[in-house]
Amino acid sequence: MTDHDLHTLTGAYAADALDPVERDVFERHLESCDSCQAEVRELQAATARLAVGVSATPPAALRDRVLAEVARTRQLSPDGEVVRLADRRSRPWYRQPATAAAAVLLVVAVGLGGFAVHEGRQKADAQRLAERIAAVAVDPQRTVHTAPVVHGGTGTVVAADGIAVFHGSDLPRLPEGQAYQLWRMSGQESQSAGVLGRGGELTGVVTGLGPGDAVGVSVEPSAGSSHPTSDPVFVVKPA
Amino acid sequence: MSPTTPAADGTMTRMALRRAPRGPDLDAGPAALDDLLHRVARGDGAAFELLYDRVAGSVYGVIRRVLRDPAQSEEVAQEVLVEVWRTATRFDGGRGSASTWIHTMAHRRAIDRVRSAQASHDREERVAHRDHVPAYDEVVDTVETRLEQEQVRRCVQGLTDLQRESVTLAYYGGHTYQQVAELLDVPLGTVKTRMRDGLIRLRDCLGVMA
């Protein structure tokens, strides 16, 4: 799925026609996509009119009940971020993700924020990465694999359309001079997909994944290696 | 044509103008509702009552359209309207009109209810009946809403068949775009695209301001 595909989700988003995982991923994408925000606002203005177009007379008792409840309901203070998080939590979907895949994708998406900052990447790079991850996460054909990482922690691979997103959590911190490196493994060949970091929450993207290819992680010198110099600590075949 | 008309005591005048039967006034209505919502944000209970009278019909109407069940619809409408009061302080007029903010919230709540487990049975029945064509019944009987409904109906009819079915199955039927693709037996990408260009066409036809 390309960025263009992701942008075309503005309509489905405005019509509330995304499943919970996609909705969350798309909302994260929105935060970094000004043109999508503008379009979503316009399309939501149109859907609001669809609502007005089906106005119906509510039961008279509703007014009394609403006014009575309002009279005993405290208004929020105008202080954005904290309550926004609370609002998110109050959504039934996020309290209990319906599927394991949902939980995994949320973890990947959440990890991404930390990734951009932690790795000190350029904003544009981080945005591109965010878009690629988002595209994989909303692909209906995506596969999700989770496996333990040797020495500790868990790795998850979400893959679709030749792209795989690796997310490692609780990875043991490596000694100075070492780092986790991500690989695309085709038979005996391994192609580096980047150095991830020394531990904790780490995210990376593998591209050009062919049928039967695996996603692997090994411990390497912190500058990275051109091919794995130690046994992988994590291997998953997404296909 | 000034969405930035100064607020304060001009509100009632503009509302009176808005109610005059001279066609849907796309500027005065939303502006007045925005003013009301700003007053609500400052804890003005009287403003909330006026706001209730302006939006309760459409909030309840769209929830009812999606959920069908009157008791559930009433419950969700109450939640949404109280939520408007509670979170009015978070409304940002720079990011869209009060009407968009309120109805987006209402529809989202209805959809969340549809997709929750207890509603799955009802939804399967709806899928079976493919009962998605808006019937425009139970109309709030005022000149203003009738004109509004007439315009929405005309604009919806102006869509291509696939655009109209994609938009209404999703928005009124409460289906995800994957479910819409299955119901219409067309590829996912087509449904996504038709939903988007259908809403763009609606936007242009309705002359909405974000």
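Helix axes here are lines fitted to C-alpha atoms over the stretch in contact, and angles run from 0 to 180 degrees between N-to-C directions. Helices are DSSP runs (H or I, at least four residues), numbered from the N terminus. In this predicted model, local features need pLDDT of at least 70, side-chain atom pairs count only at pLDDT 80 or more, and totals for chains, interfaces and linings use all residues. Residues are numbered from 1 along each chain as its sequence is written, while chains are lettered from A and ligands numbered from 1 in the order in which they are written.

H3(B) and helix H4 (residues 70-87) of chain B pack at about 140°, their axes 9 Å apart. Contact means C-beta atoms, placed from the backbone, within 7 Å. Among the residues making it are B:Val59 and B:Ile63 of H3(B) and B:Val76 and B:Val80 of H4(B).

B:Arg68 is found in the loop between H3 and H4 of chain B. Its phi is near 75°, a positive value in a residue other than glycine. Most residues other than glycine have a negative phi. B:Arg68 is partly exposed, with 17 other C-beta atoms within 10 Å. (Buried means 20 or more such atoms, exposed 12 or fewer, partly exposed in between.)

B:Asp185 lies in the loop between helix H9 (177-184) and helix H10 (188-206) of chain B. Its phi is also positive, about 55°, although B:Asp185 is not a glycine. B:Asp185 is exposed, with 6 other C-beta atoms within 10 Å.

Terms used. Helices (H or I, at least four residues) and strands (E, at least two) are DSSP runs, numbered from the N terminus. Two residues are in contact if their C-beta atoms, placed from the backbone, lie within 7 Å.
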